[in-house]
Amino acid sequence: MPKKPRLLTALDILTPILILGALIFILFFTPIERTMGHVQKVFYFHVASAWAGMLCFILAAAAGGAYLVTRRLYWDALSLSSIEVGWVFGLAAILSGMIWAQPIWNTWWVWDPRLTTTAIMELIYLAYFILRNGLKTPEAQARLGAIYAIIAALTVPLTFFSIRLFRTIHPVVIATGGDGSAFNMTPRMLTAFLISLATFTVLLVTLVWHRTRLVTLQRINQQKGL
Amino acid sequence: MPVDTLNEMILGFAVILGVVLIYVLSLILRTRRAKKQHENSQADKLKSTD
């Protein structure tokens with residue numbers, strides 16, 4: 001296995017510090033929202049999780065495209081790792097959204113366009129692992145994985161824009177219009193939101209990097225017949 | 001006066017960080033296992049050349 005890069009070691013140290021820093025800022029330095037109360041604070045990590053998940057799926061599609069062009073298995077490892085990490089972030093976003101919805105919408109789940117498209121996206125990426133495991137050779141897995149990752153990435157813009165395209169009760173977070181549909185953030189809320197996005201982006205880079213290294217090591221072991 | 005949703009906030013953060021933590025632990029365990037397999041195969045290789 002190649003030696004661990006220094007940058008990855010630095011990310012291993014930096015990532016928990018960033019998470020802790022973001023958490024402290026959110027808990028102690030952001031205001032309590034007037035109607036929702038404390039639970040609104042979950043929004044910072046909830047949106048950041050969803051953001052990181054979608055970013056992973058786009059990265060997986062790009063890596064899949066790179067594999068189809070170059071046929072280098074490294075790109076397949078990156079694509080596979082991005083989908084796995086993206087799926088974990090997606091799950092965290094769905095579960096935290098349900099916890100937020102319970103006191104605010106008085107229900108854990110509604111078949112709202114945003115929730116429905118997110119659930120479909122998550123299920124489509126779950127099927128990726130099932131289909132992939134059904135194939136025997138790494139080349140066949142990589143080829144199908146790449147094509148699947150590119151097609152499945154269509155669910156990302158559909159999920160992101162679902163709250164703008166359809167009638168929905170899900171709050172619009174990123175919006176410029178002053179029509180009242182956007183969630184109005186105070187400067188401190190906005191700072192916490194941006195810190196959370198940056199933190200989860202660093203976290204996704206760290207996790208995807210580690211997972212890609214693990215895929216490489218597992219392939220070396222497989223080649224040796226272990 | 002905002003509604004009391006402190007418990008939901010704690011649960012929300014616990015779930016997000018818990019999911020990530022479980023994934024990190026699985027990554028650590030899988031990496032350890034793969035490294036061990038790799039090291040064992042290297043040791044077997046050395047033994048066979050002796």
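The expected span of a helix is 1.5 Å times one less than its number of residues. Keep that rule at hand for this tour of a predicted model.

**First stop: α3(A).** Select residues 73-105 of chain A, the stretch that forms α3. With 33 residues at 1.5 Å each, α3(A) should span 48 Å, and because its end C-alpha atoms are 46 Å apart, the model agrees with that expectation. Now colour the helix by burial: 24 of the 33 residues of α3(A) are buried, so the helix is mostly covered.

**Next: the loops on either side.** Go to R71(A), in the loop between α2 and α3 of chain A. Its phi is near 60°, a positive value in a residue that is not glycine. Is R71(A) buried, exposed or partly exposed? It has 13 other C-beta atoms within 10 Å, so R71(A) is partly exposed.

Then jump to N106(A), which follows α3(A) and sits in the loop between α3 and α4 of chain A. N106(A) is not a glycine either, yet its phi is positive, at about 65°. Here the count is 8 C-beta neighbours inside 10 Å, so N106(A) counts as exposed.

**Last stop: the core.** Select A52(A), C56(A), F57(A), I83(A) and L204(A), the residues with the most contacts inside the largest nonpolar core, which has 63 residues. Several helices of chain A, including α2 (42-70) and α7 (187-223), each supply at least two residues of this core, as does α1 (6-49) of chain B. The top contributor is α2(A), with 18 residues. Finally, centre on A52(A): leaving aside neighbours within four places in sequence, its contacts are F89(A), F200(A), T201(A), L203(A) and L204(A).

Definitions and conventions:
Residues are numbered from 1 along each chain as its sequence is written. Chains are lettered from A and ligands numbered from 1 in the order in which they are written. This is a predicted model: local features need pLDDT of at least 70, side-chain atom pairs count only at pLDDT 80 or more; totals for chains, interfaces and linings use all residues. A nonpolar core is a set of buried Ala, Val, Leu, Ile, Met, Phe, Trp, Tyr and Cys residues joined through C-beta atoms within 7 Å. A residue is buried if 20 or more other C-beta atoms lie within 10 Å of its own, exposed if 12 or fewer, and partly exposed in between; C-beta atoms are placed from the backbone. Helices (H or I, at least four residues) and strands (E, at least two) are DSSP runs, numbered from the N terminus. Two residues are in contact if their C-beta atoms, placed from the backbone, lie within 7 Å.
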